[in-house]
Amino acid sequence: MSDVFINYRTGDEESAATLIARELVRRFGRERIFFASNSIELGHRFPAELDGAVEKCDALIAVIGPRWAKVPGPDGSPALEAEQDWTRREIRTALVRGILVIPVLVGRATRIDRVALPEDLRELADCQYKRFDHRNSEADLAVLGDALARQLPELGGVDRDAPAARDRAETKSRKGPAKDTGHTRMRTRDVEQRVRGGIGNLNGDLGTFVNEPQGPVNTGRGTQYNAPHFEGDNTGVQFTAGDNSGTVHQRFERERRSSDDRR
């Protein structure tokens, strides 16, 4: 019995499916990974072999590329629309059985659109997916293998990369989730790399940026980082980039001179 069934569509990212199968075979052993082109012996009846493997596996990996839903079938319409399409049948069987199903989105494949799926596959859109990029294949394959070893104990027991997987898990645990310290530090190059002009919000929670101001700017409340550095009531963060030749700079200069005169 194979623990993991590799599901893919001919005409859509077979190379990625092959890479995934090859790495999982190296890591867990050939008998644990079902990949049709390698696992079905010559002369054996593939319909029975496919049905038997997907009925007995503990997890199914659905390899999905940009053309996955568009590859035409024998009649010219998308193969996915046919109820007896093998790719669709295998995923449907896995979903009905309630086993672990991991969609792997390859390259430019976008998040699965539930509405665009046949009704019997719509649950696939609810499954947490993994992205796979050929340029980052080593790291992506490691994450996928670690997840399988962690969720399938029998597979974890034969994992050839168990020590490396533990090291990766410990490193991730030490890093932990990013914590909000209540203070935000921004660098000019961060802003310049992400914006090319205008007023807006950076990363949703870092405050307001004003890039290349050419006239009066209403800074509102909070701290403004610039040269010179101005501080507010710390309820927000603002950053002004450019030559600051407008009203903001002049107004603060007047206030500073008035303060100096009082001294």
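This is a predicted model: local features need pLDDT of at least 70, side-chain atom pairs count only at pLDDT 80 or more; totals for chains, interfaces and linings use all residues.

Residues are numbered from 1 along each chain as its sequence is written, and side-chain values use heavy atoms, with hydrogens and water left out.

An open sheet is formed by 5 strands in the order E2-E1-E3-E4-E5, with parallel pairing. Strands pair if DSSP finds at least two bridges between them; helices (H or I, at least four residues) and strands (E, at least two) are DSSP runs, numbered from the N terminus. Strand E2 (33–34) and strand E5 (130–132) each have a single partner strand and stand at the edges, so one side of each lacks a neighbour in the sheet. Between E4 and E5 the parallel pairing extends over 3 bridges, and leucine 105 has arginine 131 in E5 as its bridge partner. Helix H1 (residues 14–28) packs on the sheet, touching strand E1 (4–7), E2, strand E3 (59–64), E4 and E5, where contact means heavy atoms within 4.5 Å. The direction of H1 makes about 165° with that of E1; axes are lines fitted to C-alpha atoms, for helices over the stretch in contact, and angles run from 0 to 180 degrees between N-to-C directions.

The whole structure contains 3 aromatic pairs, defined for rings of Phe, Tyr and Trp (its six-membered ring) by centres within 6.5 Å, with planes under 30 degrees apart counted as stacked, over 60 as edge-to-face and the rest as tilted. The rings of phenylalanine 5 and phenylalanine 34 are stacked, because their centres are 4.9 Å apart and their planes lie at 15°. Since phenylalanine 5 belongs to strand E1 and phenylalanine 34 to strand E2, the pair ties together parts that are 29 residues apart in sequence.

The largest pocket has a volume of about 490 Å³. On a 1 Å grid over the protein atoms alone, a pocket is an open set of points with protein on both sides within 12 Å along at least five of seven lines, a cavity is a set where a 1.4 Å probe fits but cannot get out, and lining residues have an atom within 4 Å of a point. Grid points are joined across faces, edges and corners, and a volume is the space filled by probe spheres set on the points. Of the 20 residues lining this pocket, Val143, Asp146, Ala147, Arg150 and Lys172 lie nearest its centre. Helix H5 supplies the largest share of the lining, 8 residues.

The second largest cavity, of about 30 Å³, has residues including Val104, Arg131 and Leu144 in its lining.
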